[in-house]
Amino acid sequence: MTDFPTQLAFDDAIAIIREVAAKHRVDTETLPLSRAHGRILAADVVAPIALPPFDNSAMDGFALRHADLGEGETALHLVDEQFAGRARDITVGEGECVRITTGAPMPTGADTVVIKENTREDAGRVVILARPSAAGANLRRAGEDVQAGECVLQAGQRLTPARASLAASLGVPSLTVFRRPTVAVFSSGDELVEPGLSLAPGEIYDSNRELLMGLLRAEGLEPTAWPRLPDDPRQVEIALRDAGCAFDLIVTCGAVSAGEKDHIPAVLQQFGQVHFWKVRMKPGMPVLFGSLDQARVLALPGNPVSVFATFLGFGRTLIDALQGRSEARDAERAQLVAPIEKSHARREFQRARVFCDEHGVLRADPNPAVGSHRLRAVGESNALIVVPDGPQRLAAGSVVEILRYV
Ligand SMILES: Nc1nc2c(c(=O)[nH]1)N[C@H]1C(S)=C(S)[C@@H](COP(=O)(O)OP(=O)(O)OC[C@H]3O[C@@H](n4cnc5c(N)ncnc54)[C@H](O)[C@@H]3O)O[C@H]1N2
Ligand code: MOO
């Protein structure tokens, strides 16, 4: 008997991850805007000013009163100039115009800008060659984008460059965001050798470490790679417990299945907590989620493609939930180029190359490689197709969920 869920459905595992992570959300900090990129907002941002802050010109030209323009050409007196910068105290009266540049505040009295190309200058007068159809042409109104007091960014959203620039345009100098979870990465197994060293018979190079470090960095984290774990229960225990008191998240790979050398589940059961172990998915079935001291632990199976599927499937959700990201990532779907069939009940993750065809349709071409050790097919692909739970017969053209990776 176990006191944790096992052989559970993928969606149930996701629900547990969200629930546990919500109780262990990282704390918040206030950072200058320039250092907050990619972070998750911990507080709403309310506009302290309107955008644009004042009526201004959208083009280089002349500010004037639309009512002064006739059907054909109209000559106006050029009385002043207003460039982008501090607003001058200028009024445009009847029959007058003011030289203006893009972004410059509109002078009082003017309601229209005529672009420079539609004018001719002639000894202190400006001849307007074509009348804009209505007043308000080439004008950007105060507050047409954002009204002061409006909530423009919400807690739980990720600060993208576009959102950071919106905050900057409102004059917001710093933001309250969630701290980045700290992450320790372990690969495990006596067979693993650092690339660059020579292999003895039976040994292989450690590829999962690079995979995990890259995937975590792509999430904006700064993972710490710990020395590889040998297949020794005491050493596994010491290293994991050490990391457990210093990191928010531990990601391991290998030593989580049923073998004699798979010590990670025992360490978590004895010294921490197992939230679930073994999920009805393929690959990645032996995946374990637990807690150890102050850290959440995502123990991924050792097969490289299983690392991939479990990280994309669970790792991203866990990282999002730990740092308070409530805005869902965009779900992506594509049409299958070739049919997919499976008879087993587990959710399956298949490597695929996703591309946009000449009709603008996103399509997923499944990679025929079978086996969760075949990393080359991951490199040839750019997404995992999510084949739903239960036996499936998906014809070419069926729409499937995809998880894209960089
Ligand atoms: N009797 C059973 N055997 C296995 C089961 C099972 O349920 N019962 N599950 C299979 C599945 S599915 C997987 S996935 C693997 C997962 O096993 P572990 O997580 O314990 O991983 P290891 O045994 O340590 O390694 C599996 C495989 O991956 C290679 N590996 C491990 N780490 C790395 C690394 N850092 N870089 C490259 N390759 C790595 C390792 O050499 C093994 O070949 O268990 C099945 N067996
Ligand atoms: O499910 Mo394991 O993850 O096939 O290799």
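User: What makes up the shell around ligand 1, by residue class?

Analyst: In this predicted model, the shell around ligand 1 divides into 11 nonpolar, 11 polar and four charged residues. Of the 26 residues around ligand 1, those that come nearest are Asn208, Gly254, Ser257, Pro301 and Gly302. Helix 3 (208-218) and helix 6 (304-322) each supply at least two residues of this shell.

User: How do you know that the shell around ligand 2 has four polar residues?

Analyst: The residues surrounding ligand 2 are Lys282, Pro283, Gly284, Met285, Pro301, Asn303, Ser306 and Ser372. Pro and Met count as nonpolar, Lys as charged, and the others, Gly among them, as polar. The shell around ligand 2 therefore has three nonpolar, four polar and one charged residues.

User: Why is the protein called more spread out than a compact globule?

Analyst: The protein has seven helices and 29 strands. Its radius of gyration is 30 Å, whereas the globule rule gives 22 Å for 406 residues; the value is well over the rule, so the protein is more spread out than a compact globule. Along its principal axes, the C-alpha trace spans about 95 × 50 × 45 Å.

User: Which domains are assigned, and how far apart do the centres of domain 2 and domain 3 lie?

Analyst: The domain assignment gives domain 1 (6-26 + 180-322), domain 2 (30-51 + 144-178), domain 3 (56-140) and domain 4 (332-404). The C-alpha centres of domain 2 and domain 3 lie 35 Å apart.

User: Why is Gly103 called partly exposed?

Analyst: A residue is buried with 20 or more other C-beta atoms within 10 Å, and exposed with 12 or fewer. Gly103 has 15 such neighbours and therefore counts as partly exposed. Gly103 lies in the loop between strand 7 (96-100) and strand 8 (112-115). Leaving aside neighbours within four places in sequence, Gly103 is in contact with Asn56, Ser57 and Ala84.

User: What share of the protein counts as buried?

Analyst: Of the 406 residues, 36% count as buried. Among contacts between residues at least 6 apart in sequence, 72% join residues at least 24 apart.

User: What confidence does the predictor give the protein and the complex?

Analyst: The protein averages a pLDDT of 96, and 100% of the residues score at least 70. For the complex, the predictor gives an ipTM of 0.96 and a pTM of 0.92.

Conventions: Residues numbered from 1 in each chain as written. Chains lettered and ligands numbered in written order. Predicted model: local features only at pLDDT ≥ 70, side-chain atom pairs only at ≥ 80, totals over all residues. Near = placed C-beta within 6 Å. Domains from an automatic or database assignment. Helix = DSSP H or I, 4+ residues; strand = E, 2+ residues; numbered from the N terminus. Rg over C-alpha atoms; globule rule 2.2 N^0.38 Å. Contact = placed C-beta atoms within 7 Å. pLDDT = per-residue confidence, 0-100.
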